[in-house]
Amino acid sequence: MNGETWTSLGSLLASLMFIWAMFNQHFNFVPFFARFAHKLFSFFNPYIQITFHEYSRDSFDRGTAYVAIHRYLSVNSMATAKRLKAAESVRESETLVLSMDDFEEMVDEYQGIKVWWTSRMTMAKGQSISLYPREDEKRFYSLTFHKKYRDLIIKSYLNHVLAEGKAIAVRNRRRKLFTNSKQAESHSGSVWSHVIFEHPATFETLALEPEMKKDIMNDLITFSKAKDYYAKVGKSWKRGYLLYGPPGTGKSTMVAAMANLLQYDVYDLELTSVSNNTELRKLLINTSGKSIIVIEDIDCSLNLTGQRKIEKNIVESEDEKVEFIRAVQNGRTGSTDGTKVTLSGLLNFIDGLWSACGGERIFVFTTNYLEKLDPALVRRGRMDKHIKMSFCSFEVFKVLSRNYLGIESHVLFGKIEKLLKEANTTPADVVENLMPKSSRDDGVHCLKCLISALEDAKVAAIAKAEKEEKLRVGKTGNMKENGGGENNVEEKTG
């Protein structure tokens with residue numbers, strides 16, 4: 001073609017474009033052809049696309065579905081995506097978060113079916129691409145899959161993604177230790193204040209009989225997975241544990257191990273700082289699911305020893321009279337001034353209607369004196385599982401020796417086993433002797449120190465038993481003498 005031909009062709013094209021523009025201006029066929037092209041493409045396209053926007057039109061909060069998908073893809077994209085972006089650690093996360101970069105695609109597989117996730121972003125018209133985020137940028141995830149898998153993807157796969165996203169959030173969050181504080185309420189409006197919960201105790205390091213440890217772990221795990229079962233039988237999704245035994249047997253450590261096993265928050269409830277039953281109920285309402293609510297040394301927190309008799313002013317023995325006088329002095333006689341938590345209020349707290357306001361909660365009471373607690377407080381259904389934390393046995397000692405000294409067997413173990421049977425020693429006392437006091441103390445030295453301490457405890461126990469026996473014999477003798485005197489008087493009178 002020569003130059004004249006190109007010129008003529010260009011003029012013809014320009015004329016056609018001018019005619020099309022004039023024709024479309026009067027008849028407006030562009031939307032019609034656009035809709036037709038879209039329908040034609042959809043007819044031949046076998047894939048379906050679903051979008052999940054970060055923000056909805058009428059909300060400033062990130063969408064729940066988008067956040068769950070973001071967590072799910074952040075974990076799964078690290079193995080396949082070529083471009084990742086690092087975000088600052090969010091408030092509840094312990095680690096740096098990596099996610100798909102904008103316009104990156106990731107392939108996922110579910111039950112043998114492949115789907116495609118794409119991270120997309122839209123910008124306002126006229127906005128140029130920038131390295132820095134802008135307020136008018138809108139991000140969303142796009143899911144693409146074959147249309148023959150529509151039901152499986154919508155009814156099963158998406159539920160799987162959302163559930164996994166929530167589970168990842170629970171695993172990565174920084175768990176908290178809460179306490180009730182009036183000061184926190186006055187400053188922040190919250191009835192609880194908290195710190196990050198970082199207790200290192202686990203069931204692996206817990207000084208407990210192996211069989212008992214296994215039983216407790218199975219019970220806890222079964223509870224955490226029993227949401228549908230509790231709903232089926234019509235019970236609130238909660239469980240109560242009563243930990244009792246002498247001081248130093250590891251009750252508080254047990255609570256920490258339970259929290260670490262289940263990844264639950266811990267609410268340490270201090271009853272002495274609660275004004276009344278209404279405030280106690282408010283504290284319960286402001287607890288979250290996946291939590292352990294603990295009342296330590298509950299026998300010291302409230303006057304629960306013979307509480308019902310004291311409330312009715314029914315006192316019979318000298319001990320009850322003393323307890324009643326103390327209750328009156330401390331304002332714990334069940335008066336109606338509404339200034340103290342009552343036993344009834346505490347029972348409703350753990351087993352009343354308000355206890356069902358949230359799910360997946362564990363109530364834990366600890367006490368050194370089980371006999372002091374009201375039977376109504378510790379009955380099954382309120383405290384479902386009673387766990388006795390006893391003195392240190394040989395099996396428990398072996399756990400402590402492995403944890404603190406790295407020694408699982410030694411010739412001195414036989415002597416230690418014999419002494420543990422002869423002297424009641426708590427795990428806390430054993431640990432104190434197993435811990436090296438200087439850099440020169442090796443494991444054998446610590447075992448010898450423990451043997452010495454156990455021998456001293458044995459001597460002290462024998463001396464205590466002899467003293468108690470003398471007192472018992474002395475009281476018995478006095479009773480006989482008094483009895484004999486009365487008989488003599490009767491004989492003389494006769």
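This is a predicted model: local features need pLDDT of at least 70, side-chain atom pairs count only at pLDDT 80 or more; totals for chains, interfaces and linings use all residues.
User: What share of the protein chain's residues counts as buried?

Analyst: Buried means under 20% relative accessible area, exposed over 50%, and partly exposed in between (1.4 Å probe, protein chains only). Of the 494 residues in the protein chain, the buried share is 34%.

User: Among contacts in the protein chain between residues at least 6 apart in sequence, what percentage joins residues at least 24 apart?

Analyst: A contact here is a pair of heavy atoms within 4.5 Å. Among contacts in the protein chain joining residues at least 6 apart, the part that spans at least 24 positions is 67%.

User: Which side chain of opposite charge is nearest to Asp-299, and how far away is it?

Analyst: Asp-299 sits in helix α10, residues 298-301. Asp-299 is buried but has no salt bridge, a Lys or Arg side-chain nitrogen within 4 Å of an Asp or Glu carboxyl oxygen. With Lys and Arg counted as positive, Asp and Glu as negative, and His and chain ends left out, the nearest side chain of opposite charge is Lys-372, at 5.1 Å.

User: Which side chain makes a polar contact with that of Asp-299?

Analyst: Beyond four places in sequence, Asp-299 touches Thr-366, Thr-367, Asn-368, Tyr-369, Lys-372 and Leu-373. A polar contact is a pair of N or O atoms within 3.5 Å; within protein, one must be able to donate a hydrogen and the other to accept it, and sequence-adjacent residues count only if both atoms are side-chain atoms. At 2.6 Å, the side chain joined to Asp-299 this way is that of Thr-367.

User: What phi does Lys-290 have?

Analyst: Lys-290 is in the loop between α9 (277-285) and β11 (291-295). It counts as partly exposed because its relative accessibility is 28%. Most residues other than glycine have a negative phi. Lys-290 is not a glycine, yet its phi is positive, about 50 degrees.

User: And where is Asp-297 found?

Analyst: Asp-297 also has a positive phi of about 50 degrees without being a glycine. Its relative accessible area is 33%, so Asp-297 is partly exposed. Asp-297 is found in the loop between β11 and α10.

User: Is Leu-353 buried or exposed?

Analyst: Leu-353 has its place in the loop between α13 (343-351) and β12 (361-367). Because its relative accessibility is 82%, Leu-353 counts as exposed.

Note on methods: Residues are numbered from 1 along each chain as its sequence is written. Side-chain values use heavy atoms; hydrogens and water are left out. Helices (H or I, at least four residues) and strands (E, at least two) are DSSP runs, numbered from the N terminus.
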